[in-house]
Amino acid sequence: MPSLNILSYKLISRVIQQVKKALNNKLRIHVSSELHGFLNTIIDDKDGLSLSQLRAGAKSVMVTELKKELTVYHQLQPYTRQIDNAVKGLALSSKNQQHFGEMVDYYGSKLTL
């Protein structure tokens, strides 16, 4: 008979798989193919808008830094409402939002959609 620990690990693993599946299903509902493509571009982009640029922000109030911020804003702006709706649709707690945000910080461009 397996120990309680092994059964606990299996149960936790199954719950995690179910939660991931449910989140993926919700994302399919709230993320258009256009936004999906844009997000993949951000993850893959080496020259233009990238995940690291989104996280970095302006380092100062110098004109060049502010121009970079405006460029990021203009590229994201068409998708902000849809992104907000997707986040609301996922109905994540603030702790879960923090957890997923930390995953982005940790994994960076290794993430896939």
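Ile29 counts as exposed, because its relative accessibility is 67%, where exposed means over 50% relative accessible area, buried under 20% and partly exposed in between, with a 1.4 Å probe and protein chains only. The model is predicted, so that local features need pLDDT of at least 70 and side-chain atom pairs count only at pLDDT 80 or more, whereas totals for chains, interfaces and linings use all residues. Residues are numbered from 1 along each chain as its sequence is written, and side-chain values use heavy atoms, with hydrogens and water left out.

**Confidence**
- The protein averages a pLDDT of 79, with 76% of the residues at 70 or above, on the predictor's per-residue confidence scale from 0 to 100.
- Confidence is lowest in helix 3 (residues 51-56), with a mean of 62, and highest in helix 5, at 90; helices are DSSP runs (H or I, at least four residues), numbered from the N terminus.

**Helix 5**
- In helix 5 (residues 80-90), the buried residues are Gln82, Ala86 and Leu90.
- Viewed down the axis of helix 5, these buried residues fall within an arc of 70 degrees, so they line one face of the helix; the arc is taken from the directions from the helix axis to the C-beta atoms.
- Arg81 and Lys88 are exposed on the other side of helix 5.

**Core**
- Val31, Leu35, Phe38, Ile42, Tyr79 and Ala86 form the largest nonpolar core, of 6 residues, a core being a set of buried Ala, Val, Leu, Ile, Met, Phe, Trp, Tyr and Cys residues joined through side-chain atoms within 4.5 Å.
- Helix 2 (residues 33-44) gives the most to this core, with 3 residues.

Terms used
Helices (H or I, at least four residues) and strands (E, at least two) are DSSP runs, numbered from the N terminus.
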